[in-house]
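Could you show me how to read a helix and a salt bridge in a protein model? I would like the general idea and then the case at hand.

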Amino acid sequence: MKLLNLNISFEQYAGINELQENDRLLCENAEQALATSYSPYSKFRVGTAIRLASGEIILGSNQENLAYPSGLCAERVALFSIGSNQPNAIIESMAITAQTDNFEITKPVTSCGGCLQVMAEFERKQATPIAVIFYCLNGEVLKVPSVKSLLPFSFVEDRLER
């Protein structure tokens, strides 16, 4: 038996004003995406902004449904929009933020496991890293250089590609 360690590196900022301009603007776009969230049940709004290599910004927000499993997270809304409308687009980075009137969010909200797996698939497909920024409104920001940092053991089965 071997005991192995896994370490990830990420950047931590006190707020978006410490970010480079392009990352700050991406966070501001994610904040704008909150306005299109359909979350009447949880009242937990999530917004995502994705910057493509072309410079275009794609927005997504969570979309709930009374039959809870039928809803979709903001990250997957934006990613699937890219996949269906611009299948060869290269994603450079994405920012995710959340907001609710029910309580104060004091730390960045991270992506669920399902979203991480989809993000990992897009990163694998394009064979280049996707930087991910988790932005707490009026608070801390975390930035990772690659989805692989967040899900190092993503599901991969190369035989399915044959």
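The dialogue below takes up a helix and then some salt bridges.

Q: What kind of model is this, and how are residues numbered?

A: This is a predicted model, in which local features need pLDDT of at least 70, side-chain atom pairs count only at pLDDT 80 or more, and totals for chains, interfaces and linings use all residues. Residues are numbered from 1 along each chain as its sequence is written, and side-chain values use heavy atoms, with hydrogens and water left out.

Q: Which residues of H3 are buried?

A: An α-helix has 3.6 residues a turn, so residues three or four places apart point the same way. Buried means under 20% relative accessible area, exposed over 50%, and partly exposed in between (1.4 Å probe, protein chains only). In H3 the buried residues are Cys 115, Leu 116, Val 118, Met 119, Ala 120, Phe 122, Glu 123 and Gln 126. Their cover includes helix H2 (74-85), strand E4 (91-100), strand E5 (131-136) and helix H4 (147-150).

Q: How many salt bridges does the structure hold?

A: Side chains of opposite charge can pair when their charged atoms come close. A salt bridge is a side-chain nitrogen of Lys or Arg within 4 Å of a carboxyl oxygen of Asp or Glu. The structure holds 6 of them.

Q: Where in the chain are Asp 101 and Arg 45?

A: Asp 101 is in the loop between E4 and H3, and Arg 45 is in strand E2 (residues 44-52), 56 residues apart. Their salt bridge has its closest N and O atoms 3.3 Å apart. Asp 101 is exposed at 69% relative accessible area, while Arg 45 is buried at 17%.

Q: Which residues are linked in a network of salt bridges?

A: The network links Asp 23, Arg 51, Glu 92 and Lys 143. Within it, the side chains of Glu 92 and Arg 51 meet at 3.3 Å, N to O. Glu 92 lies in strand E4 and Arg 51 in strand E2, so this pair ties together parts 41 residues apart in sequence. Glu 92 is partly exposed at 36%, and Arg 51 is buried at 10%.

Conventions:
Helices (H or I, at least four residues) and strands (E, at least two) are DSSP runs, numbered from the N terminus. Contact means heavy atoms within 4.5 Å.
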